[in-house]
Amino acid sequence: MSGSVSILAGMGIKSPVTAAFSKIQWDSLTTLKLTAQETALLRMAETNPMDYTLADSRDASMYARVLLKLLAEANTAGAGAGDVSKITTDSAVSMTEGDALKLLESDPLGIVAHYALTKLLEILSTLQVGVKGVTIASVFYVGKEGVLVDQWKALLRCLNKGGKGDIFAQKVAAACLTKILVTACPSQRAGVSDGKSRPIQYASAIEPLEAITAWIVSQLKNASGTLVAICTPALKVLMDAPETRNLFCKSGGVKYMSRQLRVGSKAKNMAASDKKKMGQASVQQLYEISFCMWILTYELNRSAAIRADFAKDSLAVSALVDLVSVAPREKVVRVALSCLRNLATCSADENEPVSTNTASPSTTINGSTFLSEMIACGLMKAIDHLRDRQFTDPDLVEDVTVLHKLLHDNYKELSRWEVYKNEVESGHLQWGSTHTEAFFKENARMMEGIDGDFYLVKVLITLLSNSRDEEVAAIACYDIGEFVRHYPNGRAIAKRLGAKELVMALIEHENPELQRHALQCVSKIMVHNWEHVK
């Protein structure tokens, strides 16, 4: 796993108004309420290298708190609503020094906020690399008990739900705050000494950690496109500690991470012009999110709850299989395959408590569970295709080989009905031997389900309206029609469950193949002797 050094020092983000920083006139900005000592400290820091400014732990902590004060006062005075906050991703690219200086005149507080965040990021990056006797903990956790500095809230106030507002400020504030808080996790402190063995009160960071985690999950849930990139640096930092990985999963993070991967992988259905717009940035976004998911898979053997989160609605496996099938870039395929391998080989501890997050609490979730989902989502076909490609990465080749064997061994143990059931439950329908007249003649009565509630028929009906994949909807139409033909009173059951209305709405669909299967399905529901019509 790559460390936070690359995440913080190499975030690949620079304030678009950096050119204006050296022109800030601290004395004229009275709204910042700076003391003469604080102003002197800021000027001194400007003339010295950062590692020199941070050489003394007490001075370093004072400097960090002055920067947090700058951020708090600037935001209180309206920095988040000025011209600087309206800079878009596109306009940032073309920003000139003259543009930055004009913004310093129209929105000096917005420039100050960017300055403070840039310097805080530089502090964390420098300390992460190493300054003798000074650490992130000694700078941001104070007093004999090592309590988190009160000024941390200035970073949280930079964040808005949905990604609206200052893109740079939110991205950097979230990453900085997450790093400061993750430092307090006991797992990060084990065997670490800052020269004075100063304690850190983890309890002081728990509530802030919950707040930043909730914001990250909210971004994954509500944001789309490039706005998701606002939270990815913070998300990667959050993956550094087992405590925060578990907190992220408890907050529903796996589900929303999977949805983002599904949305991104749908590029295969886009027009060429739209794919071009997505560009490298979206591929990088897919890579970063799948990388975070890969880190989470290392918690599978330790937590039944996390296995349950990954198994819920087959969302995670479905998203990863999509990535492998679409293969946007080799690096994305490599990480997705590593995730799938970890899922396929995970195991449940015999002594661990059974998770109550699943629909069937008594069900043990392990590698076999995920392998069945992978088969249902069509991974076998994608793996067979990958075996024919020439990859130079030995780890990728090994993952393909291991998954190929596990999938085929698991497939041999499944009955055709189990394969069909898993496929329908995954929502990943693909034409094959389980979508034929012969299959339904043999298995129509199995559609009743264990509880007699025709659960799979209900799932097929749901796919008619919820699936964005036209082939999936066409197969669902076919399966419902065959159920109607081969199950006693199937016509009445399908009507009662609402299939007729949904299928009829698809008769005028622009896709001719879906239109044909919808028409045939309606005919099977309405006509008693379908064979005569056929």
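This is a predicted model: local features need pLDDT of at least 70, side-chain atom pairs count only at pLDDT 80 or more; totals for chains, interfaces and linings use all residues.
Residues are numbered from 1 along each chain as its sequence is written, and side-chain values use heavy atoms, leaving out hydrogens and water.

Back to the rings. The whole structure holds 14 aromatic pairs (Phe, Tyr or six-membered Trp rings with centres within 6.5 Å; stacked if the planes are under 30 degrees apart, edge-to-face if over 60, tilted otherwise). Tyr420 and Phe439 make one of these: the ring centres sit 5.0 Å apart and the planes meet at 50°, so this pair is tilted. It joins distant parts of the chain, with Tyr420 in helix α23 (residues 416–426) and Phe439 in helix α24 (residues 437–443), 19 residues apart. Phe483 and Tyr487 pair up too, but stacked, with 5.2 Å between centres and 20° between planes. Phe483 and Tyr487 are both buried.

There's also a ring cluster, where ring pairs link Tyr287, Phe291, Trp294 and Tyr298. Lys331 lies over the face of Tyr287, 4.9 Å from the ring centre (for this, NZ of Lys or CZ of Arg must be within 6 Å of the centre and within 35 degrees of the ring normal).

Now zoom out. The protein chain has 30 helices and two strands (DSSP runs numbered from the N terminus: H or I of at least four residues for helices, E of at least two for strands). Of its 534 residues, 51% are buried. Among contacts (heavy atoms within 4.5 Å) with a separation of 6 or more, 74% are between residues 24 or more positions apart.

Here are two of the helices; the expected span is 1.5 Å times one less than the number of residues.

| Helix | Residues | C-alpha span | Expected span | Buried |
|---|---|---|---|---|
| α26 | 470–486 | 25 Å | 24 Å | 14 of 17 residues |

What caps the N-terminal end of α26? Asp469 does, with a side-chain oxygen 3.0 Å from the backbone nitrogen of Glu471. At the start of α10, a side-chain oxygen of Asp166 comes to within 3.2 Å of the backbone nitrogen of Phe168.

Cys477 sits in α26, and it's buried, with a relative accessible area of 0%. Leaving aside residues up to four places away in sequence, Cys477 touches Leu464, Val503, Leu506, Leu514, His517, Ala518 and Cys521. Leu464 is 13 residues from Cys477 in sequence, and their C-alpha atoms are 7.4 Å apart.

Asp313 isn't a glycine, yet has a positive phi of about 60°. Asp313 belongs to the loop between α17 (304–311) and α18 (315–326). Is Asp313 buried or exposed? Asp313 is exposed, at 54% relative accessible area. Phe454, also not a glycine, has a positive phi near 55°. Phe454 is in the loop between α24 and α25 (455–466), and with 8% relative accessibility Phe454 counts as buried.

Notes:
Buried means under 20% relative accessible area, exposed over 50%, partly exposed in between (1.4 Å probe, protein chains only). A polar contact is a pair of N or O atoms within 3.5 Å; within protein, one must be able to donate a hydrogen and the other to accept it, and residues adjacent in sequence count only if both atoms are side-chain atoms.
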